[in-house]
Amino acid sequence: MLRGELDELAKSVRVRKALSVTRTSSASQVLLSLEDGSPVLIATRLREGQTPRGWIVLWTIAPTLAWTDLPAKPLMVPLMQELVRQGAWVAGGTEQR
């Protein structure tokens with residue numbers, strides 16, 4: 001839902017420090033990345049055999065001003081709201097794509 005507004009909301013976010021991700025599962029999806037392609041937000045479907053059991057979402061940046069200015073930007077609140085909304089949607093048994 002944020003895709004249409006993302007360029008405007010995120011254009012001035014600076015990241016000073018991020019965890020390095022060297023390997024992701026083929027089932028992983030990069031949901032948000034930096035200009036250089038480094039992932040900021042990664043989601044992986046958790047399975048038990050063939051049965052889906054939920055999602056694991058990894059932030060590669062800490063939401064603190066020492067790592068990024070994202071907490072001080074207008075993007076932070078709608079981004080968190082959308083993550084919770086999508087998580088609730090998936091937890092309800094219907095996956096949105």
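A polar contact is a pair of N or O atoms within 3.5 Å; within protein, one must be able to donate a hydrogen and the other to accept it, and residues adjacent in sequence count only if both atoms are side-chain atoms. Here, the side chain of Asp36 makes such a contact with the side chain of Ser38, at 2.7 Å. This is a predicted model, where local features need pLDDT of at least 70 and side-chain atom pairs count only at pLDDT 80 or more, while totals for chains, interfaces and linings use all residues. Residues are numbered from 1 along each chain as its sequence is written, and side-chain values use heavy atoms, with hydrogens and water left out.

**The sheet**
- Three strands form an open sheet in the order β1-β2-β3, with antiparallel pairing; strands are DSSP runs of E with at least two residues, numbered from the N terminus, and two strands pair if DSSP finds at least two bridges between them.
- β1 and β3 (51-59) are the edge strands, each pairing on one side only.
- Neighbouring strands of this sheet are turned by 20 degrees against each other on average, direction ignored, with axes taken as lines fitted to C-alpha atoms.

**The strand pairs**
- Strand β1 (residues 29-33) is joined to β2 (residues 39-48) by four bridges, and Val30 has Ile42 in β2 as its bridge partner.
- Between β2 and β3 there are eight bridges; Arg47 has Pro52 in β3 as its bridge partner.

**The hairpin loop**
- Five residues lie between β1 and β2 in their hairpin, where Gly37 takes a positive phi near 90 degrees.
- Asp36 also lies in the loop between these strands.
- Asp36 is exposed, with a relative accessible area of 62% (buried means under 20%, exposed over 50%, partly exposed in between, with a 1.4 Å probe and protein chains only).

How values were computed: Axes fitted to C-alpha atoms, helices over the stretch in contact; angles between N-to-C directions.
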